[in-house]
Structures are given as C-alpha cells and as structure tokens.
Amino acid sequence: MNVFVREALRFKLITTCHRLLHTETKCQPEWLKPVGYETNIMIYNPCKVPLILKNKNILTWYACGPTVYDSAHIGHAITNVHSDIIRRILTNHFDINTVMAMSITDIDEKIIKRSRELKQDCKDLAKYYENEFLEDMKMLNVLQPHLYCRVTSYIPQIVQFIKNIIDKGNAYVSKGGSVYFDTCKYGMYGKLTNPSSVEKSHPYKKSPMDFCLWRAHKENEPFWESPWGRGRPGWHIECSTIASAVFGSCIDIHSGGVDLIFPHHENEEAQSCSYHEVKQWVNYWLHCGHLFLDEEKMSKSLKNTISIREFLEKYTANHFRILCLISHYRTGLKFSDAVMNNATGTLNKIEHFMNDCDNYIAGRWSLGNVDEVKLLQCLEETKSTVNTALADDFNTPQAMRSLLKLIDVGNSMLHDSQKSASTSIPAVAAVLNYVSTTFSNFGVSNSTNAADHMINSIVESFVKFRRTVRTRAIEQDVKDKALFNACDQARTDLLTCGVTIKDYKTETIWSIKKY
C-alpha cells in the first residue's frame, strides 16, 4: 500500500476514534459557574449566563492581540473596536475596574516567511508592524490595554510552562524534538466546541488532535534553547503562558475573533487547566464576529482586505465606531457602501441633534415647542432601556435604537414651528448631557479645548457679520443679488470646513461638526 494512502487512512481512523471518544462516551464539559461577585450583567458563554467576578468590581481581561507581519485591516479593527466598546461599557457604565492585557505575537511562521520575502530581519519587521498597529488603534480611539506582552519577552516562562505540563504527563517530546500536548490524557478536551478539524497530521504525533507546544528548530529560523533542544514556541502556548504570568490560574474574560474558538482557545484552555490543575481557567470567552467583504471573511490570505489607513482616508474613526455600535459584537457583518451610509447617516443625526440642543440652550434657536414633562419622561425611559440592553450581553444595537428614539422625540420638539412662549432649557440640557455622556462612554470622541472656544468665537463673529449683510441685501427695495449670492457662497464654503449655517426669517444659527 502506498505510504501516503496508508498515512491518510491512519489519520482518518484516529480522528474518527477520537471524535467518538468525546461525543459518545463522554459528555461535553459544562461551564462552571464562578464563585464570586454578581454584576447583574448577562454575557454569552456560549449561552447567556450571569457575569460573576472573582474580585468585587474588578474584572481581569486577556485579549489575543495581533501577529505583527503585515498592516492591520478593518477585519481586525472590528474585533478591537467591539472589544473596546464592551470594555468602556464595563468601566464607564457599570463602574467595573477593568484590567486588560494583550499579547503581541512577534515570532511566528508568518513573520518568518514575510521576513524572507522582504529580506528583512524578523525583529525589525515585527517591530515595524507592531508600531503601526499601535498607531492604528490610537487613530481608532481604542484604549490601550494596561499591558502589551510581546511573546519574545516571555520565552523563559514559556519553556517552564511546557516543562510543567510534560512533568505532569500531559505532554510528550517527539522523536523530532518538538513537544506536543497529549489530548487523550486530558479528559475535558472539546470544552469550547466539538473539534471538527485538527492540526496537520505528523508521524511523530500520537493523535491528530495533539497540538504543538514547542517547534523543533529548522535551518535559518530564529530559535531559543530549551531542555528538548533548540526551537520556538507553538502558537497556543504563548497566550496561555502570558495570560497566566499576568493573571494567574483564573481569568474573568478572554477575548478574540470567533475564528479563534478552535483550535486556539480550545487548546489554550486545555493546556492551562493542565498546568494550573483546575477544571476551568477562563470563566468567560468573548468572541467577536467577522467582517465580510463580498460574502467572504475579510482575510489577508484571501487578499480581500481594506487596511485601517485606507478606510480612514474616506471615513472617520467615529463612523467605524457607530458601525460597531449598531451591530451586535457576536454577529458577522457584511461591509458595503450601504452599511457605511447607514453608519454615516446615524452619526450625522446624532451630531445635528446635539448641535441643535447647543443652539437652543444658547438662545440661538428661533423654533421649538418643548414639552418638558414628555421629554423628561422619555429621557427616564431611555435610561432604563439602555441600561437593560447593555446588561443583556452588551446589546448596543438595542441601546442605539433607544437613544435614537429619544433623539427623534427631541428633534420633533425642537423643530416644531409653533414656538412656545417660554423655553425649557433645563430639560433640553438634561437630554443633551445624557446623550453626549453616553456616546462619550461608548468611545465616540468629542474633544473640546481652548482652541475650540477660540474657533467658536471667530465663527460667531463671522456669522453675525454675514447676517447683517444678508439682511441688508434682502431689505433693499431691489434685492441685491450679488450680496445675497455672496452670503450663500460663504455658507457653502464654511460647510466644507464643517460649519453648518441655517438661515431663518429673522435669525441665523450655526454649528460646528463635532464628530
């Protein structure tokens, strides 16, 4: 029999036996409800369960970061921005002290391959794309984790982590010098999902399900010394070691893209439970949905990506964040002009409402019939529905619908042509304060500083001058079309700079784009 055919049959037989072992003779291990402090928040894991923290009002969070061999794209960005929104909700809305660490994979097969293609040192290549990634996150207004952890800074800890697992009898050194985790020795493998695919078959592996902890050295590759010989870490062991070094034997939340459930997170959980001798290492796995382009997952391998910097040439960071807010973090999203138009329109609606509120409060608004009781009642209802939505697995689309409903109610009152005799500044200010604070808590930026106040004064002076000229042009017996057209052109020119001017019969109001 041909050796390749024999190996294929062997691989299929072992895979089938392993799957039967985990599906017929064993029940899939259940999630263990943590002992700790209730938060009144429900989180998906992999069904909705209560979020219970190990320490009161303190949440530990480990995030799988980038493999730095190329520029990040918006498929990466959607995971990072969704995670950032959830982190901000936990911190700003629920007042939970959230401590986050993120890995930076700066040694990997992809990095080695790319460095060869570019004839560049692996370290220099990784450092360049690491710095680019950090700058991309800054441009997207993603909060920095408290700790960035480069894999190459944790090699001694990784070697010790592997040695511990070997000493416990749950890993073995193969004939070729690589180290593999023995999934047959670990009774809870398949905790996160029923394994449907495995790492590439290798003659030195006992089972196709076994995964690599340490890769034996190959010629012309970076290497480190270990008790098993020269080599480098496997992918999964890197995150287990780093997260354990920072947070220990129990982590509240571990996050990443949905594609990391298997094999990466499954393998992390297996080897970490083995190392720490616990039944559950991570209490909650948080997975973000993919971004799709033309029905396919956005991926470098498919060459269908849009880099973060390309995106920001056409849109803003706030546009992308609104896109994330109106879509659930667990749901895959098809990227298109239509969805971006929706996000852009939503942001414009929010922006115009806040500007109109500013003008109403400042006395520059010529319309408005505000029903104070109704508006404040709507505000209280919105607060309640937003809180309920965010406590229900961070349901930002539902929260956004509630916020936009409040904005619709406020707009209908502010734009009512039947101007009331008295103003309701406190009610409008209360709504504005809630809306602006909520979006700021979501990470929608709105910076105001001394320079902004100076610009506001300049615009206000110009608008007053323009209003005087325009009024004079209209009041003349024969309308001065040249002056009138010049005023219209000035309005158009300012619009390109983000300044909106609205002319009414007796007044002119203006606003500056804040987002």
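## A tour of the predicted model

Start with the whole chain. This is a predicted model. The chain has an average pLDDT of 89, and 91% of the residues score at least 70. Now select residues 1–27. Here the pLDDT is below 50. Beyond near neighbours in sequence, this stretch makes 27 contacts in the model. Where pLDDT is low, predicted coordinates should not be read in detail.

**Stop 1**

Zoom in on one pair. Strand β4 covers residues 97–104, and four bridges join β4 to β5. These two strands run parallel. Show Ile104 and Arg150: Ile104 stands opposite Arg150 in β5.

**Stop 2**

Select residues 179–181, which are strand β7, and residues 211–216, which are strand β8. How do β7 and β8 run, parallel or antiparallel? They run antiparallel, joined by three bridges. Pick Tyr180, then find its bridge partner in β8, Cys212.

Click Ala216 next. The bridge partner of Ala216 in β9 is Gly231.

**Stop 1: the three-stranded sheet**

Select β13, β12 and β14. These three strands make an open sheet in the order β13-β12-β14. Here the pairing is mixed. β13 (296–297) and β14 (333–334) stand at the edges with a single partner strand each, so one side of each has no neighbour in the sheet.

Now look at β12, residues 291–293. Two bridges join β12 to β14, and the two strands run parallel. Show Leu291 to see it opposite Leu333 in β14.

**Stop 2: helices α5 and α7**

Move on to helix packing. Two packed helices are described by the angle between their axes and the distance between the axes. Select helix α5, residues 155–167, and helix α7, residues 261–276. At what angle do α5 and α7 pack? The angle is about 75 degrees, and the axes are 9 Å apart. Angles of 65 to 115 degrees count as roughly perpendicular, so α5 and α7 are roughly perpendicular to each other.

Show the side chains at the contact. α5 contributes Phe161, Asn164 and Ile165. α7 contributes Gln271, Ser272, Ser274 and Tyr275. By class, the contact of α5 with α7 has three nonpolar residues, four polar residues and no charged residues.

**Stop 3: helices α11 and α13**

Finish with helix α11, residues 372–391, and helix α13, residues 425–442. Their axes come within 9 Å and cross at roughly 20 degrees. Angles under 35 degrees count as roughly parallel, so α11 and α13 are roughly parallel to each other. Their crossing is left-handed.

Colour the contact residues. On α11, select Glu372, Leu375, Leu376, Leu379, Thr382, Lys383, Val386 and Leu390. On α13, select Ala427, Val428, Ala430, Val431, Tyr434 and Phe442. How many of the residues in the contact of α11 with α13 are nonpolar, polar and charged? There are 11 nonpolar, one polar and two charged residues.

Technical notes
Residues are numbered from 1 along each chain as its sequence is written. This is a predicted model: local features need pLDDT of at least 70, side-chain atom pairs count only at pLDDT 80 or more; totals for chains, interfaces and linings use all residues. Side-chain values use heavy atoms; hydrogens and water are left out. Axes are lines fitted to C-alpha atoms, for helices over the stretch in contact, and angles run from 0 to 180 degrees between N-to-C directions. Angles under 35 degrees count as roughly parallel, over 145 as roughly antiparallel, 65 to 115 as roughly perpendicular and the rest as oblique. Contact means heavy atoms within 4.5 Å. Ala, Val, Leu, Ile, Met, Phe, Trp, Tyr, Cys and Pro count as nonpolar, Asp, Glu, Lys and Arg as charged, and the others, Gly among them, as polar. A crossing is left-handed if the near helix is turned anticlockwise from the far one by less than a right angle, and right-handed if clockwise. pLDDT is the predictor's confidence in each residue, from 0 to 100. Two strands pair if DSSP finds at least two bridges between them.
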